[in-house]
Amino acid sequence: MDARLDFMAEPTTGKALKYLMSAGKALRDTALPITTQELVSVRVSQINGCAACLDMHIKEALGAGEDPVRLGLVAAWPEATVFTDAERAALELAEAGTRLADAAPGVSDEVWAKAAKHYDQQQLAALVLLVSFMNLANRMNIITRQPGGDYQPGGWH
């Protein structure tokens, strides 16, 4: 499968994409644990069906020491016992924030309260930005049919 578009080949979109990726890098440097960030990135990308982002974030998670079993269970996180309460709250917030287009009710006060129980304001802000950023990246990659499978860890971070 070939991508429909190479964002980096066009000067203006390449510049814009570099800014977007630097925002992603800034998120990695927040107090939100990297493993939580990668679990959330994987879940958002699973929901949206983005092979390029799944490829990237699974490899980045493995490189950060994440357990392959936990990664395999992200798709079924509500029934899995391998996630902490904090990770479960982050995954629930990510799922609610991603399913907005499915005519879902959005992020309920209950979902927000669970996340706020485990994360401070800085971490919550990073989590909201991460979910939003991943949805943007997923949509860009899906629209342009960016393939998954060839990502090298550290390639974008």
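User: How many residues are in the largest nonpolar core, and which have the most contacts inside it?
Analyst: This is a predicted model. Its largest nonpolar core holds 26 residues. L32, V40, V44, L127, L130 and M134 have the most contacts inside that core.

User: Which elements give two or more residues to this core?
Analyst: They are α1 (11-28), α2 (34-48), α3 (51-63), α5 (85-98), α6 (109-118) and α7 (121-143).

User: Which one gives the most?
Analyst: That's α7, with nine residues.

User: And M134, what does it touch?
Analyst: Leaving out residues up to four places away in sequence, M134 touches S41, V44, S45, C53 and H57. V44 is also listed with M134 among the residues with the most contacts inside the core.

User: What lies apart from that core?
Analyst: Another core, of ten residues. Its members include L39, V42, L71 and L91.

User: Switching topic. Which residues does UniProt list for the domain?
Analyst: An unreviewed UniProt entry lists residues 17-96 as "domain: Carboxymuconolactone decarboxylase-like".

User: How much helix and strand is there over residues 17-96?
Analyst: The chain is 72% helix and 0% strand there. The end C-alpha atoms of that stretch are 26 Å apart.

User: One more. What is the phi of R145?
Analyst: R145 has a positive phi, about 55 degrees, although it is not a glycine. Most residues other than glycine have a negative phi.

User: Where is R145?
Analyst: R145 sits in the segment after α7.

Key:
Residues numbered from 1 in each chain as written. Predicted model: local features only at pLDDT ≥ 70, side-chain atom pairs only at ≥ 80, totals over all residues. Heavy atoms only, no water. Core = buried A, V, L, I, M, F, W, Y, C linked by side-chain atoms within 4.5 Å. Buried < 20%, exposed > 50% of the residue type's maximum accessible area, 1.4 Å probe, protein only. Helix = DSSP H or I, 4+ residues; strand = E, 2+ residues; numbered from the N terminus. Contact = heavy atoms within 4.5 Å. UniProt positions renumbered as here; feature names shortened; annotations may be inferred.
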